[in-house]
Amino acid sequence: MDRDGSKKNKKSDFVSKSIILTALTAFVNYIYSAAMQSLTGFVLSGRSNVAKESSLIRKLTQKIQFRSRFSVPIKRFFNKAFGESQIINAVSGYFKSLPAAGIRVFGILGVSFGLYTAGVFVILSLLPNAPETNALNLYIGLSCAIISLPLALSKKTISASIKESRFLSFIFFRALGIKPEYLLTQKSRRGNSAAAFIIGTVLGLSTISLSPIIPLSLPFAVFLAAVMLAQPEIGLVLVALLIPFLPTIPVAMLLIFTAICYFFKLIQGKRVFRLKPVDISVAAFLLLELLGGIISVNPAASIKPALLYACLMSAYFLSVNLMTSSSWIKRCVYAMFFSAGIVAAIGIFENHFGKAQITWIDSEMFNDIENRVVSTFGNPNVLAEYLIMLLPVIFSVFVCAKSGVKKFASLFLLIICGACLLFTWSRGAWLGILFGMLIFMLLYSRATLKILSFFVLFIPFLPFVLPSTIVERFTSIGNLRDSSTSYRVNIWKGVVSMLRDNVFGGIGVGEGAFSDVYMKYSLAGIESAPHSHNLFLQIIVELGIAALLVFIFAMIMCTREVLVFYRYSEDIPRKTKLLSCSFICGIAAVMLQGMTDYIWYNYRVFCIFWLLIGIGTAVARINERSKEPPDPSAPYTEISVYQQQNR
């Protein structure tokens with residue numbers, strides 16, 4: 001044992017004293033030192049005046065006595081208005097009493113709904129001139145009636161059933177973060193069985209013109225609304241979980257309802273709203289997006305996308321104000337991981353068993369590529385944008401995981417998401433993820449530069465190791481013989497011509513405004529294009545050069561906050577700091593892809609973009625929140641102002 005140990009020590013001493021490695025280590029240290037002392041390094045991670053900068057708004061509000069003059073009076077006004085509103089109190093009381101309701105009531109509702117749904121199908125199928133019926137309606141109706149029958153005979157309450165079920169307890173208390181006291185402290189109540197039967201009948205009859213899935217989802221939606229009113233953070237977890245699978249409008253509606261629930265908590269003093277310089281820069285860009293819907297060459301076509309963009313950008317502000325603890329951040333991250341795994345699995349299945357998608361590829365240049373997967377996003381490039389934003393986050397969890405289960409799960413997710421990214425055959429995304437992972441590895445370890453130095457020596461041998469299709473696809477970047485590349489270059493030429501006349505004011509937000517103007521500047525054969533295929537050009541075209549500067553400034557501010565947190569928060573675990581950096585690395589990856597594509601053309605990708613920035617910033621503020629002085633309005637955190645005044 002001693003001999004073996006001495007041999008290993010001699011070998012390690014020999015390696016550490018190697019002239020080449022010593023010189024390389026000195027070079028790496030010099031590069032890191034020069035980078036931190038440079039102007040860019042100072043701007044992004046310098047700590048000078050950080051405390052003053054972070055408290056600038058707080059000092060300003062204290063000077064004008066914002067809290068005593070505005071904040072507390074506004075809270076008192078709204079709490080008094082809500083406290084005296086019989087409608088709001090009735091609705092609030094109903095939602096709070098839902099967990100204490102008996103399962104029997106919902107069972108009766110389900111049986112009634114199922115029988116009437118099945119009856120509607122049978123009657124419509126027998127009538128000669130009735131609209132065409134779907135047999136699925138019959139199966140849903142009968143299944144609902146059969147499943148609901150045991151519930152109609154039960155004497156338990158919803159809260160008791162959740163408490164006794166391990167699966168439901170995990171979903172409600174661990175995954176969604178609902179406080180057990182919210183569900184388990186309510187006094188049980190019977191509920192009105194007759195009203196439940198009538199409601200089920202009405203919902204069942206509505207299947208004459210509606211799919212039964214719509215009325216069937218209403219009870220779940222009502223219950224979900226109740227728990228979101230008690231815990232608005234659940235809304236963000238649901239957005240993170242469902243955004244790859246829902247259309248844009250439901251995502252926007254979920255964000256709006258989350259904002260409403262947060263507002264109710266805010267005016268009761270049970271949540272806080274903080275505005276830092278970085279938040280103001282993001283708000284300034286949001287305002288420019290809204291103005292781009294009003295001041296447009298085609299306001300009718302621009303106002304809807306502008307409102308959608310503003311609504312989806314609220315994910316950032318909700319994240320930084322609601323994700324105030326590591327437990328909520330973990331729930332959001334794991335929700336994104338779960339949905340990313342499903343999306344990647346669907347993509348891999350498409351690659352091996354799905355219908356070939358060759359619409360987005362030059363079949364003459366790449367005849368070996370038979371399929372480009374799209375999964376739930378309908379476009380391989382959009383799918384790739386989604387994946388490269390999450391891969392650095394997954395990788396950070398993998399490298400920092402200590403337990404074997406978490407290590408294996410994150411590695412498995414990393415592999416399937418990486419494979420799905422490969423099958424998108426998106427060259428811009430490949431470059432983006434290499435860039436994002438490089439930034440992460442440089443932050444993770446200084447040894448990265450050493451490894452890269454050795455890796456450069458093996459680049460000429462990569463064509464003999466990698467599959468020929470990957471090598472050909474990667475080396476075709478910039479090749480104008482590729483129809484996709486030449487198409488983009490020709491669009492850029494037309495867009496540059498547009499900028500000569502619209503560089504300061506922009507033309508307005510949305511595809512409609514772009515199409516109206518682009519046709520006047522387009523090259524022959526490229527008259528039709530939905531966007532400029534470049535994020536930064538598109539921002540200038542739509543909103544003007546000032547908007548691009550505001551956007552870049554906002555990204556610098558977000559990056560600075562995360563890097564300052566990473567560099568100077570000594571009492572925070574390194575895995576938390578790396579997690580915060582990984583979100584910025586994912587954003588950096590997709591922004592590099594934005595050089596070759598307009599990554600915000602898909603609204604869901606736009607929402608994920610700002611959601612990730614918000615969560616990354618929220619992680620960076622954990623340390624700051626723990627050191628903040630007590631809030632002067634702390635007495636309002638548990639009891640509303642109105643209740644205090646009327647005790």
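Which residues in H28 meet which residues in H30? The legends below take up this contact and other sites in a predicted model.

**Figure 1. Overview of the predicted protein chain.** The chain holds 32 helices and zero strands. Of its 647 residues, 46% are buried. Among contacts between residues at least 6 apart in sequence, 78% join residues at least 24 apart.

**Figure 2. Contact of helix H28 with helix H30.** From H28 (residues 545-568), the residues in the contact are Phe551, Met555, Cys558, Glu561, Val562 and Phe565. They meet Phe609, Trp610, Ile613, Gly616, Thr617, Val619 and Ala620 in H30, a helix that spans residues 603-620. By class, the contact residues comprise 10 nonpolar, two polar and one charged. The two helices pack at an angle of about 35°, and their axes are 8 Å apart. The crossing of H28 past H30 is left-handed.

**Figure 3. The largest nonpolar core and the surroundings of tryptophan 610.** This core has 140 residues, and Phe551, Trp600, Phe609 and Trp610 have the most contacts inside it. Helix H20 (residues 380-400) contributes the largest share of the core, 16 residues. Leaving aside residues up to four places away in sequence, tryptophan 610 touches Val282, Phe285, Met313, Tyr316, Phe551, Met555 and Trp600. Phe551 and Met555 also belong to the H28 side of the contact with H30.

**Figure 4. Valine 251 in helix H16.** Helix H16 covers residues 248-267 and contains valine 251. Is valine 251 buried or exposed? Its relative accessibility is 3%, so valine 251 counts as buried. Residues touched by valine 251 are Ile243, Leu246, Leu312 and Cys607, with residues up to four places away in sequence not counted. The C-alpha atom of valine 251 is separated by 6.7 Å from that of valine 239, a residue 12 places away along the chain.

**Figure 5. Serine 522 in the loop between helices H26 and H27.** The loop that holds serine 522 runs between H26 (511-518) and H27 (535-543). Serine 522 has a relative accessible area of 16% and is therefore buried, the cut-off being under 20%. A polar atom of the serine 522 side chain lies 3.3 Å from the backbone oxygen of methionine 519.

Terms used:
Residues numbered from 1 in each chain as written. Predicted model: local features only at pLDDT ≥ 70, side-chain atom pairs only at ≥ 80, totals over all residues. Heavy atoms only, no water. Helix = DSSP H or I, 4+ residues; strand = E, 2+ residues; numbered from the N terminus. Buried < 20%, exposed > 50% of the residue type's maximum accessible area, 1.4 Å probe, protein only. Polar contact = N/O pair within 3.5 Å; in protein donor to acceptor, adjacent residues only side chain to side chain. Axes fitted to C-alpha atoms, helices over the stretch in contact; angles between N-to-C directions. Left-handed = near helix turned anticlockwise from the far one by under 90°. Contact = heavy atoms within 4.5 Å. Nonpolar A, V, L, I, M, F, W, Y, C, P; charged D, E, K, R; others polar. Core = buried A, V, L, I, M, F, W, Y, C linked by side-chain atoms within 4.5 Å.
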